[in-house]
Amino acid sequence: MKSRITRMTAALLAAVLSLSLLVGCKPKKELTRYTTIFYDVFDTVTQVIAYCESEEEFNTQMQALHQDLIAYNQLYDIYNNYDGVVNVKTINENAGKAPVQVDDRILSMLELARQMYDLTGGKINIAMGSVLGIWHDYREAAEKDASEADNTLPTQEELEAAAQHCDINDLVIDEKAKTVYLSDPEMSLDVGSVGKGYAVEMVCRAAEARGLTSALVSVGGNLRAIGTKPDGSQWTGGVEDPWNASEVYTNTNSIFGSPINMSDLALVTSGDYQRYFVVDGKRYHHIIDPDTLWPAAYYNGVTVLCPDSGMADCLTTALFCMPLEEGQKLVESLDGVEAMWCTPDKQATTSSGWDSHLKK
């Protein structure tokens, strides 16, 4: 009897083992390449390439990704109100009045921005809304007028008065109560240097958690690669030529240098050709140096490659406002971060590990 039970047990184990081997050997369903495009978030064009098992899976993933981007866009908006949404504009409107209870997605973004303020010696400062608002208003006025002859610039006195209300220490965050308070009533936040990049990173992580394993997401040229292509090859990204650039990012823009291999990496560029206005034949772009309160004049473009899109977005802005040697020193101190600086004399300088990412 014991022998019979032993034989039955052995047969059962063998059957289970055979079944598990068959299941383990079952070939994975072939992944197909799909693409989509959105026009309604972060005032730019969003393009996604992804490999999925079916069009249905792709559409489900893209619907969720799109809704995530819309939510972040509304939360980080400083110009518009949305029904039922407490956003950065709400925080600014309550400066000096009362703390505002906010979504965790605002708290985490602000925390990153504050960390990057410390890391960059204040070169990225989301508390500079009062100064950046002045530049925004002058740029908006210039864009409404067809003639450049009537375009004007802010005065140094105007900028310096606004700069008295840019102290990052006046940004009071209570993580337990989930509130944000601007203790200076004249202060305002501008999260343009971090919001889009952080949103892209969080949206891509959420997509991965939903099972997306292979994709390249571009939000206005802010690239984030998820995994690799199904054949194991890496995604590739390009750096727009800052000396031959379009005002709007597209896939047909001139690319500078060799394509860059990307797997679970972000590639972000800041340039003086993206948002600007012209006065007396001179271009005044949107990246303002906190030290001078005027558009930074070191570069035409700065690109950062690193695993985190939010960090990359912050770093491109900060590096744009630093002399080359200072920026190189910062990049070399950070693990997994590479950068390219393009100067007005049409020279490109890269960090020590940049070439290792170039497509051969």
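Modeller: What follows is a description of that site, residue by residue.

This is a predicted model, in which local features need pLDDT of at least 70 and side-chain atom pairs count only at pLDDT 80 or more, while totals for chains, interfaces and linings use all residues. Residues are numbered from 1 along each chain as its sequence is written, and side-chain values use heavy atoms, with hydrogens and water left out.

Under "binding site", the unreviewed UniProt entry lists Ser-193, Asp-313 and Thr-317; its positions are given in the numbering used here, its feature names are shortened, and its annotations may be inferred rather than shown by experiment. Although these residues span 125 residues in sequence, no two of their C-alpha atoms are more than 6.8 Å apart, so they gather at one spot.

Ser-193 lies in the loop between strand E5 (179-182) and H7, where helices (H or I, at least four residues) and strands (E, at least two) are DSSP runs numbered from the N terminus. With 11% relative accessibility, Ser-193 counts as buried, a term that means under 20% relative accessible area, as against exposed at over 50% and partly exposed in between (1.4 Å probe, protein chains only). Leaving aside residues up to four places away in sequence, Ser-193 touches Ile-124, Ile-126, Asp-313, Cys-314 and Thr-317, contact being heavy atoms within 4.5 Å.

Thr-317, for its part, sits in helix H8 (residues 309-320) and is buried, with a relative accessible area of 15%. Under the sequence exclusion of residues up to four places away, Thr-317 touches Ser-193, Ser-270 and Ile-287.
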